Amino acid sequence: MDNFNNLIDMDDYTVQQWTEIIELAERIKENPGFYTEACRGKIMATLFYEPSTRTQMSFQAAMLRLGGSLIGFDNPNNSSVAKGENLKDTIKIVSTYADILVMRHNQEGSAKAAALSADCPVINAGDGGHLHPTQTLTDLLTLKCELGRLDNLTVGFCGDLKYGRTVHSLVKALSCFPNNKFVLISTSDLALPSYIKDVLKGRGAEFTEVNTIDEAIKNLDMLYMTRIQRERFDSEDEYLKQRDVYRLTKAKMEYARRDMIVMHPLPRVNEIEVAVDDDPRAAYFRQANNGMYVRMALILYTFTKQPKVKPLLTGEIHNDVICTNPKCVTQTEKYLPHSYVNRGGILVCEYCDERILL
Ligand code: NCD
């Protein structure tokens with residue numbers, strides 16, 4: 001529902017609000033003991049339709065450290081989903097049991113779909129290959145802690161820029177700060193989706209696309225490594241062609257600046273050699289730890305009244321137009337209004353950002 005502080009995409013909050021959440025996270029990190037009763041009596045539901053270690057457990061640990069309680073599932077096959085219940089009914093009911101709902105789901109746009117029928121705030125913990133805003137808050141906090149700023153950065157993104165939802169959310173967010181430059185390191189098959197490149201262009205952010213780490217690493221303030229998202233490929237063969245193309249090694253780190261940091265949302269598969277972990281520039285374990293503090297801050301922020309930035313749906317309803325993205329939530333949750341933003345004859349799906357040419 002529209003009157004809650006949902007976090008579906010980073011633009012549900014203003015840059016000023018992101019800063020407030022990050023600053024709150026810093027205060028919590030310094031003095032966690034002060035917040036142990038802050039959510040006493042509140043219940044968080046974590047509904048994880050997809051695997052997760054860090055996101056799920058850091059949310060759960062965050063709520064427990066704030067004195068709150070938990071309900072939920074991490075295997076939808078143990079819930080009525082296995083009996084064929086639709087998303088709407090599950091969310092409708094669970095959101096009356098809980099005060100805040102955190103959901104990860106394999107379909108793009110599923111978090112927005114959930115928020116439409118929820119009776120409590122919904123936090124998107126990853127909707128397919130689309131967005132992952134709470135990882136972005138984690139990443140922004142990490143940049144602030146490690147480098148002291150969120151602007152004037154040259155950042156490299158390497159690996160699966162096509163299906164990597166953490167990349168999508170972070171690139172969009174960093175383009176809101178002045179003078180950030182982006183180096184996009186991927187094969188042509190796994191390049192950043194054009195709708196995100198258009199966001200960069202629209203905001204006047206400088207970006208280059210290259211296909212090796214070697215040259216690019218020399219000038220970076222931060223290198224964001226990512227896992228090739230095996231589960232998002234149409235076939236195993238296509239995945240195998242992309243697997244292990246990029247690997248950050250100790251030898252490659254020799255070319256990086258002494259003050260560059262390496263980030264990774266984790267889990268790592270092969271893309272960072274384990275020997276890199278001992279390099280003080282490897283920030284990914286510190287980053288994962290920041291995830292818990294930023295989620296504590298986000299939970300507290302969600303429960304305070306905030307000026308609403310954006311309603312859930314703003315576009316035109318065209319129930320006769322079917323979204324062309326096979327992974328869009330509207331493909332299976334048939335009751336959803338087919339809502340599109342009309343950008344000069346191109347309809348942009350309000351759930352998954354797919355563009356449809358009329
Ligand atoms: C990421 C995700 O789930 O998108 N993990 C995470 O939340 N920390 C990245 C990944 O799975 O590769």
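Helix α7 spans residues 194-202, and its buried residues are Tyr195, Ile196, Lys197 and Leu200. The model is a predicted one. Cover for the buried residues of α7 comes from several elements, including α6 (165-174), β6 (181-185), β7 (206-210) and β13 (355-357). Just past the helix, glycine 204 adopts a positive phi of about 70°.

Lysine 197 has a relative accessible area of 15%, and under 20% counts as buried. Where does the side chain of lysine 197 find a partner? It forms a salt bridge with glutamate 209, at 3.0 Å from N to O. Glutamate 209 is partly exposed, at 44% relative accessible area. β7 is also among the elements that cover the buried residues of α7.

Side chains of opposite charge can pair when their charged atoms come close. The count for this model is 20 salt bridges. One of them sets aspartate 119 against lysine 92, with the closest N and O atoms 3.2 Å apart. Aspartate 119 sits in the loop between α4 (110-117) and β4 (122-127), and lysine 92 in helix α3 (residues 87-97), so the bridge ties together parts 27 residues apart in sequence. Both ends are partly exposed: aspartate 119 at 28%, lysine 92 at 34%.

Arginine 268 and aspartate 277 make another bridge, with a closest N to O distance of 2.7 Å. Arginine 268 is partly exposed, at 23%. Elsewhere, salt bridges link Arg149, Asp221, Arg257 and Asp259 in a network.

Now step back to the domains. Domain 1 covers 10-132 + 289-304, domain 2 covers 133-288 and domain 3 covers 316-357. The C-alpha centres of domain 1 and domain 3 are 25 Å apart. Their contact draws on 11 residues from domain 1 and 12 residues from domain 3.

What holds for the area between domain 1 and domain 3? About 1,000 Å² is buried there, and carbon and sulfur atoms give 52% of it. The interface has 0 salt bridges. It does have 9 residue pairs in polar contact. On the side of domain 1 that touches domain 3, α3 and α4 are the elements that give two or more residues. α4 gives the most, with 4 residues. By class, this side of domain 1 holds 3 nonpolar, 5 polar and 3 charged residues.

Terms used: Residues numbered from 1 in each chain as written. Predicted model: local features only at pLDDT ≥ 70, side-chain atom pairs only at ≥ 80, totals over all residues. Heavy atoms only, no water. Buried < 20%, exposed > 50% of the residue type's maximum accessible area, 1.4 Å probe, protein only. Contact = heavy atoms within 4.5 Å. Salt bridge = Lys/Arg side-chain N within 4 Å of Asp/Glu carboxyl O. Domains from an automatic or database assignment. Buried area = accessible area lost by both parts, 1.4 Å probe. Polar contact = N/O pair within 3.5 Å; in protein donor to acceptor, adjacent residues only side chain to side chain. Nonpolar A, V, L, I, M, F, W, Y, C, P; charged D, E, K, R; others polar.
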